[in-house]
Amino acid sequence: MLKAKNRLGLVFFPAFDWAISPTHPEREERLLYTRDQLFEEGIEDIEGVEFFNPIVADEKDIERVHFCVPDVKSRVTQSHLISAGGAIKALQMILENKVDKSFALTRPPGHHAHRVVYGDRGFCIINIEAVMLERIRQEYGNLRVAIVDTDCHHGDGTQDIFWNDKDTLFISFHQDGRTLYPGTGSIDEFGGPGGYGYNINIPLPPGTGEDGFLYVLDNVVMPILDEYNPDIIINSAGQDNHYTDPITHMNFTAQGYAELNYRLNPHMAVLEGGYSIEGALPYVNLGIILAMAGLDYSNVHEPDYNKEKLRQSRDITEYVKKVCELVYSRWKNKDGLRLKDLGNATHIDRQRQIYYDTDGILENQVQNFKVCKKCSGINTIDSRNDKGYHIFAITIPRDACNSCVDEGHRLYKNTPNSFTNVYLQDRVNDEFYAK
Amino acid sequence: MIVGLDMGGTNIDGVIIEDGNIINTIKKPTNRDDLFGSIWSTLKELLTGYDKTKIDRINLSTTVSTNAIVENKTSSVGMIIQSGPGIANDFLACGDENVFISGYVDHRGNVIEGLNLSEVKNAVKLFKKKNIDSFAVVTKFSTRNPENEIRIKEILENFSPITMGHTVSGKLSFPRRVYTSYLNSAVHSTFNDFAANIKKSMEIEGINALIFILKADGGTMNMNTAEEKPVETILSGPAASFMGITAMLPTDKDAILLDVGGTTTDIFFLADGVPLFEPLGIKIGKYNTLVRAIYSVSIGLGGDSSINIKNGKVKIGPKREGKPYAFGGPQPTPTDAMITLELIGYDHDYKKKAHESMSLLGKELNLSAEDMAKLVLETMGNMIKYKIDKLLEKINSQPVYTIKELLYGKKLEPKLINIIGGPAEVLTPILKDKFNLPCYYPENYHVANAVGAALARPTAEITMHVDTSKKTLSVPELEIYEKVDRNYSLNFAKERALRLIKESAISIGETKDEIDAEIIEENSFNMVRGFYTTGKDIRVKAQIKPGLIHQLGGDNNA
Ligand SMILES: [Zn+2]
Ligand SMILES: [Zn+2]
């Protein structure tokens with residue numbers, strides 16, 4: 001019988017009775033073949049691999065991270081609470097030392113969900129990892145966490161949520177936003193004043209293959225992680241960089257995903273996107289599981305795998321190298337860049353337009369970050385959409401100083417009724433207000 | 001008349017049941033070196049004085065295959081394994097010779113890479129050279145597409161037995177399919193020799209009854225089926241006890257079933273009166289298999305378990321060092337505690353010895369012999385309670401895959417305890433108190449296992465998979481692989497599965513007109529490629545759950 005080197009917890013919850021709509025990529029069938037492959041391989045019998053059911057996250061867990069408009073009940077379904085609950089369970093099992101590592105194979109995904117939630121974007125409504133992380137921080141204290149997003153799409157939601165938080169290092173590598181949804185994820189998106197330099201984007205050209213991804217990992221991601229030294233590393237494990245994925249243009253492989261997880265050595269992985277449900281997911285997930293469990297993954301590959309055919313061009317190799325140099329030098333020089341880019345400003349504004357592709361909603365928002373010497377500072381969002389909502393949302397961050405806490409509550413009290421909804425997230429006292 | 005025989009590691013128990021009443025019983029020691037001889041002499045003695053022509057059937061639970069595996073007395077097996085890409089395959093080399101061949105079938109049953117015939121031919125040469133004539137051939141995803149296994153079997157035609165992986169179960173687990181197929185070929189000649197002996201002896205004795213063999217899932221199969229799938233005869237002992245408890249104390253509720261013996265306590269569960277099964281199959285020795293089995297957990301705690309005091313705490317078991325102290329054994333045991341408290345009656349001399357053992361033990365804890373004996377029984381109750389709570393926690397957190405199951409799925413909440421075995425009567429009030437549940441024991445517990453074997457009926461399970469985009473339907477257990485229409489629906493599949501499982505029950509010996517078949521799993525997935533629905537992926541499981549030929553008469557119950 002096989003024995004895992006690392007005790008691995010799997011929350012495998014394919015939600016076989018839930019779909020966004022019958023023919024939507026996020027449908028019942030998505031993890032069916034993955035289950036077949038994992039079961040046929042005998043994953044259940046590997047000593048040290050243990051299965052857990054998700055718990056169900058509650059409204060409060062969502063409110064720590066999101067401003068659902070008008071409220072959580074109107075936007076979030078049981079399937080989302082369970083998907084987030086699956087991730088929570090997976091991380092809890094690590095922190096309670098029941099397992100060494102864990103992998104939450106739950107759906108729907110979450111990395112396109114921003115702080116304000118009017119509806120569904122990129123198949124995401126709530127940000128699974130963020131909801132998990134803030135609940136865990138509430139239960140287990142303020143962990144320093146690195147999220148490495150290996151989905152092909154830029155993790156714009158996760159970026160938005162941890163934009164101003166230097167205790168959550170966010171690294172996303174993805175197909176260049178100029179060639180793929182959601183369009184963001186350029187190198188100069190570098191974080192808010194409270195976390196400048198802790199939001200790292202590595203946009204890659206279409207056609208990037210095993211060599212390119214592993215080059216990024218070895219030459220940017222690993223050195224940065226070594227220097228940041230987080231308590232927990234999470235792989236936001238989208239699987240749409242795969243060469244068979246129907247909606248992206250990369251050349252990554254199951255073997256590559258396994259190798260990446262072996263080298264990255266994350267505590268935890270959370271499934272994100274990936275819609276090549278027959279040709280990629282069964283093999284990619286098997287590879288990730290074996291790599292995380294410390295088992296031999298050298299024989300995992302797709303039926304039609306051909307290393308030579310999937311090799312990236314020399315141009316791509318050169319280009320990726322340049323991107324890596326630039327990203328890493330910006331990381332090393334983040335304090336200097338902060339001074340240059342932000343100067344002595346007391347407030348930083350960030351203006352954005354956000355499109356909800358799944359639900360067809362257009363949002364305009366202005367975020368305002370206060371620069372505080374004692375904490376990461378309160379921040380606000382003034383947002384309106386084309387369905388008539390105009391909201392004002394205030395966040396008091398986890399590390400807020402007393403005067404920022406007072407200022408946040410004062411602001412909430414004094415915000416006029418001209419807004420359709422006003423919200424206050426007080427993360428110091430773990431409270432949420434809405435009016 | 002029905003005859004039931006249960007051959008255990010130490011004893012063979014037998015009963016004759018007529019019209020629901022036990023009319024004769026027997027208990028004989030098992031001679032491990034002559035299993036057939038033990039069975040035959042027990043049967044002959046049991047039947048002495050009864051009209052042999054009136055025997056309708058003989059139900060037999062035997063350890064022939066189990067012993068062969070546990071004692072490593074199996075035939076040499078040559079394995080041909082096609083593992084394709086995936087987990088490294090070296091851990092699957094369970095045969096005496098193992099040949100890994102190239103080629104690959106994927107999860108949808110598509111042949112990605114065909115057979116390389118020269119590899120198969122070389123394997124045959126190797127097996128011949130090594131004088132191996134039992135084989136198993138197993139390919140990954142052969143339940144989805146068995147063509148490689150079938151072709152290899154054709155090439156091996158001159159050899160026997162050859163077990164093909166897809167015939168042992170429709171469940172997905174390649175490693176278990178490999179091990180199960182291996183074991184099936186490994187015990188084939190041992191079991192078939194035994195079967196031939198039984199049939200020959202019956203002929204000589206003029207017994208013309210149907211013979212059924214008990215399976216680990218609490219059901220039976222006829223001899224022909226057992227001869228072909230002898231692996232299904234392993235570990236049927238706990239199933240016999242289980243069926244015995246069910247026959248003597250019927251219930252349709254969630255329940256805990258206990259068989260407390262001298263050395264061990266076996267634990268089973270009922271959900272709404274239906275047994276809990278092992279999710280995939282039973283484990284024997286180091287092998288996880290796909291052999292369907294009643295979920296049973298054995299703990300080293302029984303009437304003869306030895307008792308020690310460690311760090312001021314009473315420790316019972318897991319070992320049995322010998323007989324109870326009262327009967328000349330080396331160590332105090334729960335039986336000694338029961339004798340001390342006069343919960344079971346024995347002569348003065350035995351009582352004196354039992355008392356002595358409790359008093360010696362009690363000294364270490366400053367307790368009188370009686371208080372010590374009470375503490376021992378309390379501890380026994382606590383140990384059972386602790387274990388069962390742990391098991392229930394595990395059972396109730398078994399993985400589920402739908403939102404409906406996660407939010408509203410059935411949780412096992414036992415409403416009663418049924419217990420058999422030597423200490424059953426004594427433990428009943430203690431367990432009742434610990435669990436706060438009603439607790440029952442039957443009168444005739446000492447032959448419960450033989451009664452269970454006698455009254456068990458055929459059981460079966462099938463796994464149906466329909467892929468309407470490939471227009472295929474498969475039921476590996478029945479070796480059915482056929483073409484279907486694009487419009488095939490879940491309802492068709494369910495109807496078909498019920499029909500097939502009834503036929504299958506009849507083929508393994510069911511005679512009743514009313515066969516209680518049920519669908520236990522049903523799923524239908526829309527298959528979408530691009531933006532279009534290309535078909536349906538339908539999955540249905542059907543079973544005939546364990547049942548009794550008839551109820552026991554009233555006077556056999558407590
Ligand atoms: Zn994606
Ligand atoms: Zn402050």
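**Figure 1. Donor spacing at the zinc ion (ligand 1) in a predicted model.** The donor residues of the zinc ion (ligand 1) follow the sequence pattern D-x1-H-x86-D. The protein donors are A:Asp151 (OD), A:Asp151 (OD), A:His153 (ND1) and A:Asp240 (OD), at 1.9 to 2.8 Å from the ion. Donors here are N, O and S atoms within 2.8 Å of the metal (3.2 Å for Na, K and Ca); water is not among the atoms, so sites may look incomplete. Angles among the four donor atoms run from 52 to 154°, and the site is irregular. Four donors are tetrahedral if all angles lie between 85 and 135 degrees; four count as square planar and six as octahedral if opposite donors are over 155 degrees apart and all others between 65 and 115; anything else is irregular. A:Asp151 is buried at 0% relative accessible area. A:His153 is buried too, at 9%. Buried means under 20% relative accessible area, exposed over 50%, partly exposed in between (1.4 Å probe, protein chains only).

The model is predicted: local features need pLDDT of at least 70, side-chain atom pairs count only at pLDDT 80 or more, and totals for chains, interfaces and linings use all residues. Residues are numbered from 1 along each chain as its sequence is written, chains are lettered from A and ligands numbered from 1 in the order in which they are written, and side-chain values use heavy atoms, with hydrogens and water left out.

Figure 2. Helices (H or I, at least four residues) and strands (E, at least two) are DSSP runs, numbered from the N terminus. H9(A) covers residues 281-293. Its 13 residues should span 18 Å at 1.5 Å a residue, and the end C-alpha atoms are 18 Å apart, which agrees. The expected span is 1.5 Å times one less than the number of residues. Of the 13 residues, 13 are buried, so the rest of the structure largely encloses H9(A). Just after the helix, A:Gly294 has a positive phi of about 80°.

**Figure 3. The loop at B:Thr62.** B:Thr62 sits in the loop between strand E4 (57-61) and helix H2 (64-70) of chain B. B:Thr62 is buried, with 2% relative accessible area. Its side chain reaches the backbone nitrogen of B:Val64 at 2.8 Å.

Figure 4. A:Cys404 is buried at 0% relative accessible area. B:Cys439 is buried at 9%. Over all chains the disulfide count is zero, a disulfide being a pair of cysteine sulfur atoms within 2.5 Å.

Note on methods
A polar contact is a pair of N or O atoms within 3.5 Å; within protein, one must be able to donate a hydrogen and the other to accept it, and residues adjacent in sequence count only if both atoms are side-chain atoms.
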